[in-house]
Structure formats: structure tokens, C-alpha cells
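Biologist: Could we go through this structure together? I am new to it.

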Amino acid sequence: MKLIVTGGAGFIGGNFVHYMLQEHPGDQIICLDKLTYAGNLSTLADVMDHPNFQFVKMDICDRDSVYGLFEKEKPDVVINFAAESHVDRSIENPEIFLQTNIIGTSVLMDACRKYGIQRYHQVSTDEVYGDLPLDRPDLFFTEETPIHTSSPYSSSKSGADLLVMAYYRTYGLPVTISRCSNNYGPYHFPEKLIPLMIINALHDRPLPVYGDGLNVRDWLYVEDHCRAIDLIIRKGKVGEVYNVGGHNEMRNIDIVKLICQELGKPESLITHVTDRKGHDRRYAIDPEKIHRELGWLPETKFADGIKKTIQWYLTHQKWWEDIISGEYQNYYQKMYENK
Ligand code: NAD
């Protein structure tokens, strides 16, 4: 099989490339990535010379280049991870989110229609469902939960999902969508909660927690997400949405305390900063459908996954040091140090 994986220099896409080359060494993978601030070629350094891997620097919104690549490579499957993915950045500047997440998705699907593919898979998020109240632990997002978004990020991802289903219904494009909960693991960009806290704790720097820190997220080890997508593209039903989640709900503050404990750092490093605008309270996925139809279950317990993740950041210092030494400094000061 020949796959185009967009956004493969980012967190989940990068993990997916590694996962696929390991699990399906006979498949060919073409990684298409614009290399925005969130894309790092160092994430792919160890596979660059793999005979079945190819990297192409390209913007998914650039129709001519995307068509040219499809015409040349004739992929069987396209998996779209490429996105602007950070909620805080979407609050600062929504426009690029609309451009990449919606227009980019339509360009990719137009290329799929024009050149023919077996499957287009859209990597989406549980954030399209909005949030759940903290006092109703019995409620979960199912695939039937209405779309009800809070941030420009989640709205742009919802727009893309609606477009994907429209291309299925209107043009018969063979699509699938996965909506996953929060991922954690190796190669996670340092602006996101878990790597941010690990890196700050290692430097004995303040650990900035939004608001009261009681917001709940459902955390999934990234490799479990990769396995779910691999199953969906091979065995999932065309035209279907699959929720992917770990049944592992944690309050932000408890994750930060756990990281302090694992690294032997005092909880006094925790500081509470002004809450994110429109901050969702609780996300919780019901992954029953993917379990029932495809036999998927998360394999990594959070207690093990967080240890592995911390260990990875300890042994891959160069990877994150290179990232946090550049432009990222300005972003960090704006977001956390002036609050
Ligand atoms: P990321 O920000 O780490 O990576 C995004 C990648 O896309 C980067 O390599 C970037 O260079 C690339 N990219 C951005 N704009 C592009 C463009 N116009 N053309 C080509 N490439 C472009 O994101 P992530 O956390 O790995 O998320 C990947 C996907 O999974 C996203 O679609 C996101 O919405 C979804 N998702 C993420 C999570 C999570 O917890 N991180 C959870 C559920 C779903």
C-alpha cells in the first residue's frame, strides 16, 4: 500500500510514521508537511533513510503542488493529520486555522477525487463535541453526540469533519473519520500540557496551570491512537466516524502533581494563571463502537505511559531544547509570563 501521511512531522503524525514503518515495513509512506512551527524534521530523522519513506515539504492548501504529488505518486490511502492544532493559538489568530484545517482538507479531498484513492482518513478530535459538565460523570461523547464547539480550533476541525461527510455523500469519496481524546507521548510539542510541565519541572521553573486546574481530559497514549487509525484505514467502514478514547479521565492539576512526584519536584512550583477563554471543563469519549466493530482497546495504562513519556523527554533533551530555544521563547512569554 502507498500512503500519503500529512502532518507527519508533527506529534501524532510523526508517531504514526514510526508506527507504520515498524508494523507494516512493506508499505510505502510519503510524508507531506509544511513544517510550520509545530513540524520538526528531527522527529523523522531516524526514518529519513528508510527505503519505504519519503518526505515532501508542502502546504496542503497549495492545490497545484498537491495535485502534482498525487499525479506522480498515485497513493492508495491518504491520512490527514496536518492541522493547526493548538487551542490557545487559535484564540490569538483564528484565520490560519480556517485556512489549513478547512481549506486544506478540501484540497486534499479534491485531489483524492481527481486521482482516485481507496481511502481518505480524517484525523479529528473529541473537541468537536464541546464539553461535558463536571458533575455528570455518567455522560460521554458518542459518535451521535451533536457537534457543539467552543474554540476557533474545534470549530475549524468540525468544519473539516462536516466537509468530509459531505464529500462522502455528494461524491461518494471513501472516507472515514476518527475523533480522538487528548494524546500524550514522545515528540509532543513543548507548548502542550504534559511536555510543558515535564520540561519546566526539569528546569525548576513555575508550572503554569490554567484557572483552578480542575478541567478534566481523557488521556490516551499516542501509540494506541496510531493503532486505532491503522485499524480504521484497513477494516473501518467507509462513511463512518469512530471515537477513540482511553477511558482515562484526569484533572489537569492531578497530572501536574503526578509529574512533580515522578521527577521528585515540589508541588510549590505549581502556579495558577488566568484561565483560557471559553475553557472546556470535561471531555470524555465513549470508545465502544471501535471496540465492538474493530476490536480496538487502549493497551497502555496511564501510570506506565506517563513514566515512558517522562523517560523519553529525559533521554531526548536535544529534541526539545532545539525547539524551545528559538521563536518559541516569545510565545511562551506572551502566554504565561505576562499573566
Ligand atoms: P501538531 O501541531 O503536533 O502537528 C501538526 C503538523 O501539521 C505539523 O507537522 C505541521 O507542520 C503540519 N502542518 C500544519 N499546517 C500544515 C499545512 N498547511 N500543510 C501541511 N502541513 C501542515 O498536531 P498533533 O497534535 O500531532 O495533531 C495531529 C492531528 O490530530 C490534528 O489534526 C489534530 O487536530 C488531531 N488531534 C490531536 C490530538 C492531540 O491530543 N494532540 C487529539 C485529537 C486529535
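Modeller: Helices (DSSP runs of H or I, at least four residues) and strands (runs of E, at least two) are numbered from the N terminus. Residues are numbered from 1 along each chain as its sequence is written. This is a predicted model, in which local features need pLDDT of at least 70, side-chain atom pairs count only at pLDDT 80 or more, and totals for chains, interfaces and linings use all residues.

Biologist: How many residues has α4, and how far does it reach?

Modeller: Helix α4 covers residues 95-115, which is 21 residues, and reaches 29 Å from its first C-alpha to its last. That is close to the 30 Å expected, the expected span being 1.5 Å times one less than the number of residues.

Biologist: Where does α4 bend?

Modeller: At Gly104, by about 30°. The bend is the angle between axes fitted to the seven residues ending at a residue and the seven starting there.

Biologist: Which residues of α4 are buried?

Modeller: Among them are Phe97, Ile102, Gly104, Leu108 and Cys112. A residue is buried if 20 or more other C-beta atoms, placed from the backbone, lie within 10 Å of its own, exposed if 12 or fewer, and partly exposed in between.

Biologist: And what covers the buried residues of α4?

Modeller: The cover includes strands β1 (2-6), β4 (77-80) and β5 (119-125), together with helices α2 (63-73), α3 (87-92) and α5 (152-171). Contact here requires C-beta atoms, placed from the backbone, within 7 Å.

Biologist: Changing topic, which residues are closest to the ligand?

Modeller: Gly7, Gly10, Phe11, Gly39 and Ala83 are the closest of the 30 residues that surround the ligand.

Biologist: Last one: why does Lys257 count as partly exposed?

Modeller: Lys257 counts as partly exposed because it has 17 C-beta neighbours inside 10 Å. Lys257 sits in helix α8 (residues 252-263). Between Lys257 and Ile270 there are 8.3 Å in space, C-alpha to C-alpha, and the two are 13 residues apart in sequence.

Technical notes
Contact = placed C-beta atoms within 7 Å. Near = placed C-beta within 6 Å.
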